[in-house]
Amino acid sequence: TNNGIPREEGLDHTLPLLKEGYEFIMNRKRNFNSNIFETRIMGKKSICMSGRDAAQVFYDTDLFQREGAAPNRLVQTLFGENGVQTLDGEVHRHRKEMHMSIMSEDNLKKFTEIAVQYWEKALDQWSKKYEIVLYDEVKELLCKVACTWAGVLVDEEEVKWLTKELSETFEGAGSVGPTHWKGRNAQNQLEKWMMELVHKIRDGRLIPPEDTALHKYTWHKDLNGNLLDKNIVVVELLNVYRPIIAISVYINFIALALIEHPDEVEKLKNADEKYTYMFIDEVRRFYPFFPFIAAKVKDDFTWRDYKVQKGSLAFLDIYGTNHDENLWLYPEEFNPNRFADQGNDRFSFIPQGGGEYLTGHRCAGEQLTIEMMKVSLDYLVNHMVYEVPEQDLTFEMNEFPSIPRSRIILRNVERKL
Ligand code: HEM
């Protein structure tokens, strides 16, 4: 190596990345015994970073930028063009303030109230069925919650359509070939649907309540005092709807954790709020969801003895940092108690990104995700009984997102009296 950074030999390592998935960076970090190494992904020189200190550097906005970092295929399905994920500096901060403006305590409370309503309705429906596929049911439930909370109700039929399209955008995000194209197509359909709403609101034909995303984003003004381009409004609204549906992945993992650790069910029945949050954090730490995030090096800099070059593509290892032996005792064990005395470190526990919300790219919906998981956990543990028939509960380390094969089948669901 000429820059001090361990380098993986070979022309390209995209195939091993697809094969090893969430563990790609972790495996190499072990082999090189280094939290930073260089490889080639999709023909490009790429720096992979893992661990707490690497995360702290990665979130230093003097050193890293997001513009020009996200691969096009992700921009076209998962992000949308010119969305907050691709912005830097003042423009990013202003846009991020818009996203955080719907996450006030009051608005989150409203969100959980809506979530409870739809869990109640869903439970009534499920009790009438022999069995349900939890993942599919919860996605639809979340879609109703998202629509209601965002400010415009849609009818049953539209919910089904919307759920399907929104899922295809994130279910196709890590894929190549037909699944990727399905995701692209879904993104286009969704943009059309959302554009209709934005037009109606701007024309005064539709008036969503003031504290909703639809109202706030449609009437948001950029740093120059102009209304946002309507294409950007559409992209940012989908940045709210899409990830809310994606919480279904975590809710499925909650159900899996309850199946795999029956002792936890007993603990949770009598748990205080603190243990409930510890359990939720352990689900977010333990199970795979986001593999890594990409950024571009803004200027040459030296980290420890490594010289990092301007323009390099860098990946921060999300999954591997949450499973780092230096940060977590027995990281491959599911154990909520590890969070009992865990401080609030912004760089070692990063399932939804690290650092700060406003000045950095940390997930705008993190608190909302946690609250939705809390409501769902409460229903699964305290408000319903069900059987778990034999099924394939395995999940793959190289699928994005990774979801238990069976999508979790529950049988004879009944309300707990
Ligand atoms: C960004 C994960 C749910 C809105 C992110 C990032 C991750 C993430 C890893 C990137 C952090 C970075 O680039 O440094 C997740 C996971 C979720 C989730 C695992 C669980 C389903 C949500 C929800 C919302 C949301 C429910 C909104 C309602 C956003 C936005 C960004 C973001 C707007 C971009 C922030 C920025 O670039 O400044 N999320 N997220 N996410 N998330 Fe989430």
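**A helix crossing and its surroundings**

Author: Happy to! In this predicted model, helix H8 (residues 156-171) and helix H11 (residues 230-260) have axes that come within 9 Å and cross at roughly 85°. H8 is therefore roughly perpendicular to H11. On the H8 side, the residues that take part are Thr 163, Leu 166, Ser 167, Thr 169 and Phe 170, and they meet Tyr 241, Arg 242, Ile 245 and Ala 246 of H11. By type, the contact of H8 with H11 holds five nonpolar residues, three polar ones and one charged.

Another helix to look at is H9, which covers residues 178-202. Its 25 residues should span 36 Å at 1.5 Å a residue, and because its end C-alpha atoms are 36 Å apart, the two values agree. Which residues of H9 are buried? They are Gly 183, Ala 186, Gln 187, Leu 190, Met 194, Leu 197 and Ile 201. An α-helix has 3.6 residues a turn, so residues three or four places apart point the same way. After H9 comes Gly 204, with a positive phi near 80°.

Now for the whole chain. The protein chain has 15 helices and 10 strands, and its C-alpha trace spans about 65 × 55 × 40 Å along the principal axes. A compact globule of 417 residues would have a radius of gyration near 22 Å, and the chain's 21 Å agrees with that. Buried residues make up 38% of the 417. Of the contacts with a separation of 6 or more, 69% join residues 24 or more positions apart.

Technical notes. Residues are numbered from 1 along each chain as its sequence is written. This is a predicted model: local features need pLDDT of at least 70, side-chain atom pairs count only at pLDDT 80 or more; totals for chains, interfaces and linings use all residues. Helices (H or I, at least four residues) and strands (E, at least two) are DSSP runs, numbered from the N terminus. The expected span of a helix is 1.5 Å times one less than its number of residues. A residue is buried if 20 or more other C-beta atoms lie within 10 Å of its own, exposed if 12 or fewer, and partly exposed in between; C-beta atoms are placed from the backbone. Axes are lines fitted to C-alpha atoms, for helices over the stretch in contact, and angles run from 0 to 180 degrees between N-to-C directions. Angles under 35 degrees count as roughly parallel, over 145 as roughly antiparallel, 65 to 115 as roughly perpendicular and the rest as oblique. Two residues are in contact if their C-beta atoms, placed from the backbone, lie within 7 Å. Ala, Val, Leu, Ile, Met, Phe, Trp, Tyr, Cys and Pro count as nonpolar, Asp, Glu, Lys and Arg as charged, and the others, Gly among them, as polar. The radius of gyration is taken over C-alpha atoms; the globule rule is 2.2 Å times the number of residues to the power 0.38.
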